[in-house]
Amino acid sequence: MIFKIAGVGLVVAFLHTILEQVGKKEYAQWVTLLGFVYILFLIVSIVEELFDKIREVFLFQ
């Protein structure tokens, strides 16, 4: 999962740099924002799974 997040970060950074050099600064900002939101949803799903596992362990369900 860490490699997936790092990969998305690298792709977003690459696209951001390319778009800024071409002169599409607004698109570069949108790509960065969408990459951030995608990674945020990944992290939220990981935390949700963690809490489900903790609930299973301590509530014996």
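The exercises below, each with a worked solution, concern a predicted model.

Residues are numbered from 1 along each chain as its sequence is written, and side-chain values use heavy atoms, with hydrogens and water left out. Local features need pLDDT of at least 70 and side-chain atom pairs count only at pLDDT 80 or more, while totals for chains, interfaces and linings use all residues.

**Exercise 1. Overall form**

State how many helices and strands the protein chain has, and set its radius of gyration against that of a compact globule.

Step 1. The protein chain holds 2 helices and 0 strands; helices (H or I, at least four residues) and strands (E, at least two) are DSSP runs, numbered from the N terminus.

Step 2. The radius of gyration of the protein chain is 17 Å, whereas a compact globule of 61 residues would have one near 10 Å. The radius is taken over C-alpha atoms, and the globule rule is 2.2 Å times the number of residues to the power 0.38.

Step 3. The C-alpha trace spans about 55 × 20 × 10 Å along its principal axes.

Step 4. Of the 61 residues, 10% count as buried (under 20% relative accessible area; exposed is over 50%, partly exposed in between, with a 1.4 Å probe and protein chains only).

**Exercise 2. Helix packing**

Determine how helix 1 and helix 2 are oriented and which residues meet.

Step 1. Axes are lines fitted to C-alpha atoms, for helices over the stretch in contact, and angles run from 0 to 180 degrees between N-to-C directions.

Step 2. Helix 1 is therefore roughly antiparallel to helix 2 (angles over 145 degrees).

Step 3. Residues of helix 1 in the contact (heavy atoms within 4.5 Å) include I5, V8, V12, L15 and L19, and those of helix 2 include A28, V31, Y38, I39 and L42.

Step 4. The contact residues divide into 12 nonpolar, 5 polar and 3 charged. Ala, Val, Leu, Ile, Met, Phe, Trp, Tyr, Cys and Pro count as nonpolar, Asp, Glu, Lys and Arg as charged, and the others, Gly among them, as polar.

**Exercise 3. Salt bridge**

Find the partner of R55 and describe the setting of the pair.

Step 1. The whole structure has 1 salt bridge (a side-chain nitrogen of Lys or Arg within 4 Å of a carboxyl oxygen of Asp or Glu).

Step 2. R55 pairs with D52, their closest N and O atoms being 3.0 Å apart.

Step 3. The two are separated by about one helical turn, because they are 3 residues apart in helix 2.

Step 4. R55 is partly exposed at 45% relative accessibility, and D52 is partly exposed at 31%.

Notes
Parallel < 35°, antiparallel > 145°, perpendicular 65-115°, else oblique.
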